[in-house]
Amino acid sequence: MLETITIGAVAYDPKVVGIWEGLRTYFREEAKVPVEVVLYLSYEAQVAALLAGRIDIAWNTNLAYLQAEHLSQGRCRPLAMRDTDLEWWTEIVARKGGPVRQLSDLRGKRLALGSRDSGHAAILPVHFLAESGLVEGRDYQSVRFNTDLGKHGDTGTSEVDVLRAVLNGEADAGAVGSPFWAGVLAGNLVPAGAVEPIWSSPHYHHCMFTARVGLPAEDAARFTDALFKMNHEPRLRPILEAEGLKEWVAPHAEGYASLRDAALRQGFFAPRS
Amino acid sequence: MGSPRPTLELHPEAPSFAAGLLNELVAALGELADGELLALHGPAELQQDLERWARFTGNTLVEMTPGSETTRYLVRKGAPRSYEEAPAVGSRLWLYSNFDCNLACDYCCVRSSPRAEPRTLSLEDVQRAAREAPPAGVRELLVTGGEPFLRPDIAEVLLACAHALPTTVLTNGLLFAGKRRLTLRELPRDRIVFQISLDSPTSALHDQHRGQGTWEKARAGIAAAREEGFRVRLASTVSDARAEEEFRAFVRREGIPEQDCVLRRVALRGFADEGVALSRADLVPEVTLTASGIYWHPVGATDDDFFVTSRRFPLSEGIQAVQLAFEEERRFATALASVFRCA
């Protein structure tokens, strides 16, 4: 059994510090699981640390989880995820009454995409469109906003850029993740009805706690037991809400096939140099 | 406001964004360069959605003019400037001492002239503002008009201000003669700076905007203030980059320190019928106290869209009202940053 379980997370925003202060305090003082937290500025650095055994568990995006899994030949294992990581999808949005009203209208048009390492705003839309016979560069021109590289789209800034391009006429349509689009609608951030989804992708899952190769089973169990206990503690609700979930759930590893295929085809599984 | 001349007029077929207006709007903007104006004619109900669109995209809704059937929305293509380098809101306090003026400059942003209603800020109000300013966080006072030296009590006004904080007085410099020259001698040199308007290196352009013979008189006023021992800053209102560069060269030739030269473009406000279109989104507020209320910025101190509150005192509450209005203006950026939650 490890003396300390070291957890990695990516600080894509200053608020991440506060979230992990809260989680660390809970694990150490209430659950009596000795954890330490290491914050990274990119998922590439975090995956490298996990593969090198410098951290025991990584709080990964879907792409980072699959990179760790692939580069460890399947020996990095999924441990847990948020309920809100299940069933994401990508919306292709376009101006109401504009030149793009259905997917086939994208031929010869401009599609705005988020950061190239964002599963939901770049990798998967390019993949799903290719499956529908629309190939980037051949059938449509992409307008890419690589504004938060290394964060796998966590900051949402590239999706703001995508939507701005559609609203400004720099692009005819754009790809954004379902949580982002829901936030835009809930916040009334764009004129009602000005931009609408014209296509929704198949569903896929998002973040995943990922264990390093060789993490003792009892340490993985100590971690997940403590994590799932949080679901039943109302006073811990603020931490969960800050993290954007109602409850932690067991891994649903079946929701990653499309991204695994897309990331492989688009070269995201190359070993880190 | 004057009568801004848009580059393009748009009478869209779709009456709303939900009906497809956005397509017509982006097509029209596609024909404009950054900084050019589009006049969009649409229903009054369009305002909120148009503001939302402008904020998200970084274009600027400059003006709305209700008509009998439609409202004319003036949209400037292009993003407002960054807020990052501006002084803290409330650290400067502008006092509009009066709105009447001995000149009638054709670009005056607050329509001052000899016929303008003075709307004088009473001496009691000036004294109270000066007293309450330092504890409210103000670090600098700026007295402007109109022409402040038209006031018979200008010495008391400036003494009250200078007693409280370092003070700059904006003037055309044409009235430093006779009794008013003696007034200068009552004022503390170490607490008061004069900012005198001089629009061009030679008389032609200055006189064209401000009146025949005013350039020579302004030069004499600058000399008089300097002779009395005051630091003088030159303020030049220019219409384009070429005029700006000519003035900078003049300032260098005259040996005037760069920090004593204030250059600004003509603002599309007041009497001006062309110039830089400005909205609240363009300007970090500089709290501006007038006889009728508190405004967002001195450049729009007669315009409803820059009006913040009629409750002027306690001054700290007036300043807080401007700060809250600024927070509201910035709220949208924060909302964008928080729509996405992840790890």
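Me: Which residues in H5(A) meet residues in H2(B)?
Reply: This is a predicted model. In it, Arg164(A), Leu167(A) and Asn168(A) stand on the H5(A) side. Trp53(B), Phe56(B) and Thr57(B) meet them from H2(B).

Me: What makes these residues a contact of H5(A) with H2(B)?
Reply: Residues count as in contact if their C-beta atoms, placed from the backbone, lie within 7 Å. The residues named from H5(A) and H2(B) meet in that sense.

Me: How do the residues of this contact divide into nonpolar, polar and charged, and what decides the class?
Reply: Three are nonpolar, two are polar and one is charged. Leu, Trp and Phe count as nonpolar, and Arg as charged.

Me: At what angle do the axes of H5(A) and H2(B) cross?
Reply: Helix H5 (residues 157–168) of chain A crosses H2(B) at roughly 125°. The two axes come within 9 Å.

Me: Is the crossing of H5(A) and H2(B) left-handed or right-handed?
Reply: The crossing of H5(A) and H2(B) is left-handed.

Me: How many residues of chain B are in contact with chain A?
Reply: There are 20, and they are in contact with 30 residues of chain A. Helix H1 (21–29), helix H2 (47–57) and helix H9 (315–338) of chain B each supply at least two residues of that side of chain B. The largest share, five residues, comes from H2(B). By class, this side has 13 nonpolar, four polar and three charged residues.

Me: Why are E1 and E3 of chain B at the edges?
Reply: The open sheet has four strands in the order E1-E2-E4-E3 (chain B), with mixed pairing. Strand E1 (8–10) and strand E3 (60–66) of chain B each have a single partner strand, so one side of each is left without a neighbour in the sheet. From one strand to the next, the twist averages 20°.

Me: What makes E3(B) and E4 of chain B a pair?
Reply: Pairing takes at least two bridges. E3(B) and strand E4 (residues 71–76) of chain B have six, so they pair. The sense is antiparallel. One bridge joins Thr65(B) to Arg72(B) in E4(B).

Me: Where does H2(B) pack, and at what angle to E3(B)?
Reply: H2(B) packs on the sheet, touching E3 and E4 of chain B. Its direction makes about 165° with that of E3(B). That is over 145, so the two count as roughly antiparallel.

Me: What is the order of the six strands in the open sheet of chain A?
Reply: The order is E2-E1-E3-E10-E4-E11 (chain A), with mixed pairing. Strand E2 (35–40) and strand E11 (248–249) of chain A are the edge strands, as each pairs on one side only.

Me: What makes E4 and E10 of chain A a pair?
Reply: Strand E4 (residues 77–82) and strand E10 (residues 208–211) of chain A share three bridges in the antiparallel sense. At least two are needed, so they pair. Ala80(A) stands opposite Phe209(A) in E10(A).

Me: Which elements of chain B have the lowest and the highest mean pLDDT?
Reply: H9(B) has the lowest, 81, and strand E11 (residues 288–289) of chain B the highest, 98. For chain B the mean pLDDT is 88.

Notes: Residues are numbered from 1 along each chain as its sequence is written. Chains are lettered from A and ligands numbered from 1 in the order in which they are written. This is a predicted model: local features need pLDDT of at least 70, side-chain atom pairs count only at pLDDT 80 or more; totals for chains, interfaces and linings use all residues. Axes are lines fitted to C-alpha atoms, for helices over the stretch in contact, and angles run from 0 to 180 degrees between N-to-C directions. A crossing is left-handed if the near helix is turned anticlockwise from the far one by less than a right angle, and right-handed if clockwise. pLDDT is the predictor's confidence in each residue, from 0 to 100.
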